Amino acid sequence: MNSDSMFLHRSEFGDPQCAGNVLSLVEAKVLLDDWVKNERLKVHMKQVAHLMKSYAGIKGYSEDIQHQWYLAGLLHDADWDQWPEQHCRKIIGELEDRKIDPQIIRAIASHGPRYFGVEPISEMDKMLYAFDELSGFVHAYSLMRPEGYAGMEIKGVKKRLKDKTFAAQVSREDIADASEKAGISVEELIQFVISNQANADLN
Ligand SMILES: [Fe+2]
């Protein structure tokens with residue numbers, strides 16, 4: 001992927017007057033099913049959505065805010081399957097057209113700062129960035145373990161992170177950078193993913 005070509009060259013997303021506007025769960029899943037045919041990618045987005053919602057839940061945020069976090073996770077890669085050359089731009093445009101809360105759109109816009117040139121600022125931005133690569137990595141690890149997620153330990157995940165040939169497409173650099181930006185250690189993030197990801201609703 002040529003990162004420069006994906007830069008969004010924007011810093012404002014959505015309309016502040018649309019604060020609080022969301023897609024319902026059904027609307028979001030219709031969009032997902034419509035745009036994403038790749039089942040693995042759908043699983044990834046549902047897992048990230050689940051992590052986002054779980055994290056907002058343990059932070060004590062309201063159900064409405066948890067749903068916003070969920071939507072950011074669920075839709076962050078929605079355009080990747082059919083429009084990789086418009087990745088991020090297309091889903092941002094769609095959510096702006098549908099007058100969705102600017103914070104959700106901004107979180108999606110900043111989920112890959114190296115690619116899209118948008119810094120994660122809010123807690124939701126930072127956690128989406130932090131969970132994105134790690135979620136996929138831990139899932140890849142679970143698929144090679146006969147026990148799946150059961151009994152998975154932080155040290156096992158860390159060992160695989162050091163092995164550059166394992167899930168080689170996952171950027172270790174982004175995982176470290178996201179952890180630093182979120183102010184949460186990689187170990188803590190790994191533990192959160194291990195503890196929560198297996199329960200994600202993949203329907
Ligand atoms: Fe992703």
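Biologist: Leaving aside neighbours within four places in sequence, which residues is Gly117 in contact with?

Modeller: Gly117 is in contact with Phe7, Leu8 and His9. Please keep in mind that this is a predicted model. Gly117 itself is found in the loop between H6 and H7, while His9 lies in the segment before H1. The C-alpha atoms of Gly117 and Leu8 are separated by 6.4 Å, although the two are 109 residues apart along the chain.

Biologist: Why does Gly117 count as partly exposed?

Modeller: Gly117 has 17 C-beta neighbours inside 10 Å. A residue needs 20 or more to be buried and 12 or fewer to be exposed, so with 17 Gly117 counts as partly exposed.

Biologist: And what about Met6, where is that placed?

Modeller: Met6 is also in the segment before H1. There are 18 other C-beta atoms within 10 Å, so Met6 is partly exposed. Met6 and Arg114 are 108 residues apart in sequence, with their C-alpha atoms 9.3 Å apart in space.

Biologist: Is His9 buried or exposed, and how do you know?

Modeller: His9 has 7 other C-beta atoms within 10 Å, and therefore it is exposed. The backbone of His9 deserves a look too: its phi is positive, about 55°, although His9 is not a glycine.

Biologist: Why does Lys99 count as exposed?

Modeller: The cut-off for exposed is 12 or fewer, and Lys99 has 12 C-beta neighbours inside 10 Å, so Lys99 counts as exposed.

Biologist: Let's move on to the helices. What makes H5 largely enclosed by the rest of the structure?

Modeller: 8 of the 8 residues of H5 are buried, so H5 is largely enclosed by the rest of the structure. Those buried residues are Pro102, Gln103, Ile104, Ile105, Arg106, Ala107, Ile108 and Ala109. What covers them includes H3, H4, helix H6 (113–116) and H7.

Biologist: How do you know that the length of H3 is close to what is expected?

Modeller: H3 runs over residues 63–75, which is 13 residues, and reaches 18 Å from its first C-alpha to its last. At 1.5 Å a residue the expected value is 18 Å, and the helix is close to that.

Biologist: Which residues of H3 are buried, and what do they pack against?

Modeller: The buried ones are His67, Gln68, Trp69, Tyr70, Leu71, Ala72, Gly73, Leu74 and Leu75. They pack against helix H1 (25–35), H2, helix H4 (89–97), helix H5 (102–109) and helix H7 (123–144).

Biologist: Why is Tyr70 called buried?

Modeller: Tyr70, in helix H3, has 24 other C-beta atoms within 10 Å. The cut-off for buried is 20 or more, so Tyr70 is buried. Not counting residues up to four places away in sequence, Tyr70 touches Ala49, Met52 and Lys53. Tyr70 and His50 are 20 residues apart in sequence and 6.4 Å apart in space, C-alpha to C-alpha.

Biologist: Where do H2 and H10 meet, and at what angle do they cross?

Modeller: The axes of helix H2 (residues 39–58) and helix H10 (residues 186–197) come within 10 Å and cross at roughly 105°. Angles of 65 to 115 degrees count as roughly perpendicular, and that makes H2 roughly perpendicular to H10. The contact is made by Gln47, His50, Leu51, Ser54 and Tyr55 of H2 and by Phe192, Val193, Asn196 and Gln197 of H10. These residues divide into 4 nonpolar, 5 polar and no charged.

Biologist: Why is H7 called oblique to H10?

Modeller: H7 and H10 pack at an angle of about 60°, with their axes 10 Å apart. Roughly parallel needs an angle under 35 degrees and roughly perpendicular needs 65 to 115, so H7 is oblique to H10. The crossing is right-handed. Ala130, Phe131, Leu134, Ser135, Val138 and His139 of H7 meet Leu189, Ile190, Val193, Ile194 and Gln197 of H10. By class, this contact has 8 nonpolar, 3 polar and no charged residues.

Conventions
Residues numbered from 1 in each chain as written. Predicted model: local features only at pLDDT ≥ 70, side-chain atom pairs only at ≥ 80, totals over all residues. Axes fitted to C-alpha atoms, helices over the stretch in contact; angles between N-to-C directions. Helix = DSSP H or I, 4+ residues; strand = E, 2+ residues; numbered from the N terminus. Parallel < 35°, antiparallel > 145°, perpendicular 65-115°, else oblique. Contact = placed C-beta atoms within 7 Å. Nonpolar A, V, L, I, M, F, W, Y, C, P; charged D, E, K, R; others polar. Expected span 1.5 Å × (residues − 1). Left-handed = near helix turned anticlockwise from the far one by under 90°.
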